[in-house]
Structures are given as structure tokens and as C-alpha cells.
Amino acid sequence: MGRKQTKSTPRKVIDVEPEPEPDPDRISCLPGHVIDQILTYLPIREAVRTSVLSKKWRNKWYTLPNLVFDRQCLSAAAYEDTLVIQMKFLKIVNSVLLHHSGPINIFKFSMCAPIDESLVSDVDQWILYLSRKSIKELVLDVCTEELYKIPWCLFSCQSLHHLKLHFCCLKPPTLFKGFRSLKSLDLNHVAVAQDAFENLISGCPLLEKLKLTEVGGFAQIDICAPNLKFLEIHGEYEGINFNNTFQLATLVIDLWWDFNFENSNQGRSRGHSSNMLKFFDHRPHIQCLVIRSCFLKYLTAGVLPKKLPTPCMDLSHLSLSINFDDLKEISAALCLLRSSPNLRKLEIFKEIEVHTVPLTPAAYCWEKIFSAPAMPIRVRHVTIDGIFGNKLELDFIKFLLLYSPVLEKMTVKPVENFIPELMRGLIRFKRASGEAEVILEDFT
């Protein structure tokens, strides 16, 4: 007999789900361009530290296009010794440049502590290296016992768009024809001969922004820049001449010189009877004008017109430092106000000169200065800062209120020890504009 066959019970198959894989490392999975963007927001010291995050990040900082070296590169402990700061700082820069690959668009070096003369050769090597990298922007703040002499290799760098130099000496080679691509130039405590400076400016046909702060080597500034739109000057100069600067829109002048100006020919334009007329000649597009220190006094030299022959139609912002004890400065300010039909914002800062004999209220005749028929001042917002509240200053305020028919707001900021009795009289002054609001910023 055969065996009795029985049905076999099928085995139950249990589906075992595989264990979930660990989440991928999100930092490592970031796209390369995102990593590059993150690194641009980090100080160099922190960017280098990202090498430990993952293999993908390890050498990413090698290709940073923007290199900024300042105090953020150093740890707090490094501030204890000046020599340690210098050695660590220069070592960081040398190491980064040694490992760097690819283009460098921006290089900024700023060190407040003076660099030992024996280490200046390192800076020379950096500039030589950068001149071969088609750098676009260079900021160099090198503090040494003597002004750092810029090496000639920099003047061959025609890729530069922005150049900022502090505490340097510029001696371009004889064959230097300028930076053909440069758009902005900032010189701060820089020494350069006048002919070299003029050749530098005229040799930058694309220059749009120029800032000069205590640049030494000449007393007269001559500027020829057809595309210049922004100019800022701080320093002790006898005067400023412009040639082919028709595009100039923003002008900040902070000029100082000898107070015996009125008793000499200093500041008097050669072959011209009026500094005011010469300064504004062929500058029709000025939109913002800031005058500080003694420059308004410079403009009073020679014949002072009541109004410019060609009005400043585009001027909308005017900021003036005025010595209220100088009648000619007041007349110069009124000349500018009469010549600015589209002025919207006016700022007045009181300038104090110890060599000026104070005017008496009787000599301060507004009706005579602004002879009838009075031209309206189209300003809308006025700020007056640093006044004491004496009659001479209040007469100026009263005059503005009387001849500003579209004035919306006037803010008066007196000094701490102002004269409260006179300042309270502000609210009683007659106003040409029914919308004019006068605000007194009190210290109490």
C-alpha cells in the first residue's frame, strides 16, 4: 500500500521591511554653488574651518573669490602682543594665498597695528600675486612708520574697478597711463605728486566715484574726469579746479586753510574774479552739494553775485556749514538758495571761527541782503543744527520761514546751553507756508 498523502500546510511568509537608511548628510548634499554662497558670508577664519564639515567642503574655501583680512581673522588671545598679531596676521594671509586657486575678485587687507618694516616685503609679494589674478577690487590699509610705497606691479593691473588705499605713497612709473577700467578711487592719507595725481585721474576714463582724504603732495586740486558722478574731498587745499566734469551729481567738500585768506590772494581763482562763478561753471547736473568747514568762505572770494547766471536746476539737497558772524558767508548761502529753484532739502550747520569778529545785529540787515522783490525759496525740509539762539541766528531762521512758500518742516537743533527765551520765539515767526511745521529739539 502506498502511503496516504496529506496536504502540506504552506509556510507563512513574513515580509521583513528593510531597516531605513540613515538620512543623508544635508550639509554634504548642498549644491556646490550654495556652498560657495555660504562661504562668501563668513570671515576667512570661519571659512577655513568649514573644511572639517565633510569631504565636499574640505577644499571649497580654496576658490573663494572675495578675500577680506581684518581683525576678525584673529582670535581674541592674539590681541595681547603687537608682534604676535603681526606674525599671525601675515601668516594667515600667506597661507590663504598659497592654497588659493581660481580668480580673486576682491582683496581687502586692514590692520590697525603698525607693521614692522621687515614684514613689508610680504605685502609687496601679495600685490605682485594679485596683479596676476585680474583682481577687480583692492583695499589696502597698511600702517607703517613711513607711508607704504605701492610697488610698480600694481600699476600694470588694468582689471581694477575699485581701488582704496590708506597710508600709502604713490609713485607711478613714467609710462603709466592710468587704470582704464577703474570706476572708484578712495585715497586716505596718501602722498602723491601733483602731476602724478592729475595723470592718474585723467587716465581713468571710466572713473565715477572719487574720495580724497588728506592727500598730500599738492595744494591745488585739478580734476579732469568726464564720467565722474561723486566727489568727496577732505583736506587743506588752496582751491579746486574742474575740467570736463559735466556728469558730477554729488559733491562733498570739506576744505581747510589759513584764516588770513581775506588779506591775501589765496583761494582767488587765476584770471577769474569770482570763486563762486568759477566753481559752478559747467556743472549743471549737481543734485547733492555738501559744504563743510571753510569752503563756503573760499566761495566768497572775489565778486559775489546775488544769483548764479545759470541756475542749479537739478540741485535738490544742499548742506552748508555757515559762520553766522561772516556777512559774506551768509550772502554766499543766499546766492545758492536763490539759484536752486528745485531745492527740496536744506541742512545748516553752524561753523565757529575764533578769528572772526562777531557781527552786531544792526549790521545784519536781511532786507538789504535780499533786496526786493524777494525770490521765493522752494525748499520743503530744513534742518538747522548747532545754534545758540542769538538774534543773528534767529534772523536767518525768520528769513527762511518768511520766503519759503512750500516749506513743510523745519527742525531746529540747538546746542545744550542755548538761549531758551529767544528760541521760544520761533513759534511766533511769520511763515509763508501755511503747512510749515517748526520743531525744536530740546535737551530737557
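**Helix packing and aromatic pairs in a predicted model**

Analyst: In this predicted model, helix H3 (residues 82-99) and helix H4 (residues 120-131) have axes that come within 11 Å and cross at roughly 25°.

User: Why is H3 called roughly parallel to H4?

Analyst: Angles under 35 degrees count as roughly parallel. The axes cross at roughly 25°, so H3 is roughly parallel to H4. The crossing of H3 past H4 is left-handed.

User: Which residues of H3 and H4 meet?

Analyst: From H3, Leu-90, Val-93, Asn-94 and Leu-97 meet Asp-122, Trp-126 and Tyr-129 of H4. Trp-126 also belongs to a cluster in which ring pairs link it with Phe-69, Phe-89, Phe-107 and Phe-109.

User: How many aromatic pairs does a search of the whole structure find?

Analyst: The search finds 15 aromatic pairs.

User: What makes the pair of Phe-69 and Phe-107 tilted?

Analyst: Ring centres must lie within 6.5 Å to pair, and planes under 30 degrees apart are stacked, over 60 edge-to-face, the rest tilted. The centres of Phe-69 and Phe-107 are 5.4 Å apart and their planes stand at 50°, so this pair is tilted. Phe-69 is in strand E1 (residues 66-69) and Phe-107 in strand E2 (residues 106-111), so the pair links distant parts of the chain, 38 residues apart. Both Phe-69 and Phe-107 are buried.

User: Why is the pair of Phe-155 and Phe-176 called edge-to-face?

Analyst: Planes over 60 degrees apart count as edge-to-face. For Phe-155 and Phe-176 the angle between the planes is 65°, with 5.0 Å centre to centre, and the pair is edge-to-face. Phe-155 lies in the loop between strand E4 (148-149) and strand E5 (162-166), and Phe-176 in the loop between strand E6 (168-170) and strand E7 (184-188), so the pair ties together parts that are 21 residues apart in sequence.

User: How do you know whether Phe-155 is buried or exposed, and Phe-176 likewise?

Analyst: Buried means under 20% relative accessible area. Phe-155 has 6% and is therefore buried. Phe-176, at 13% relative accessibility, also counts as buried.

User: What makes Lys-209 count as lying over the face of Phe-230?

Analyst: NZ of Lys has to be within 6 Å of the ring centre and within 35 degrees of the ring normal. Lys-209 lies over the face of Phe-230, at 5.1 Å from the ring centre.

User: How many helices and strands are there in the protein, and what share of its residues count as buried?

Analyst: The protein has 11 helices and 19 strands. Of its 444 residues, 44% count as buried.

Key
Residues are numbered from 1 along each chain as its sequence is written. This is a predicted model: local features need pLDDT of at least 70, side-chain atom pairs count only at pLDDT 80 or more; totals for chains, interfaces and linings use all residues. Side-chain values use heavy atoms; hydrogens and water are left out. Rings of Phe, Tyr and Trp (its six-membered ring) pair if their centres lie within 6.5 Å; planes under 30 degrees apart count as stacked, over 60 as edge-to-face and the rest as tilted. Helices (H or I, at least four residues) and strands (E, at least two) are DSSP runs, numbered from the N terminus. Buried means under 20% relative accessible area, exposed over 50%, partly exposed in between (1.4 Å probe, protein chains only). Axes are lines fitted to C-alpha atoms, for helices over the stretch in contact, and angles run from 0 to 180 degrees between N-to-C directions. Angles under 35 degrees count as roughly parallel, over 145 as roughly antiparallel, 65 to 115 as roughly perpendicular and the rest as oblique. A crossing is left-handed if the near helix is turned anticlockwise from the far one by less than a right angle, and right-handed if clockwise. Contact means heavy atoms within 4.5 Å.
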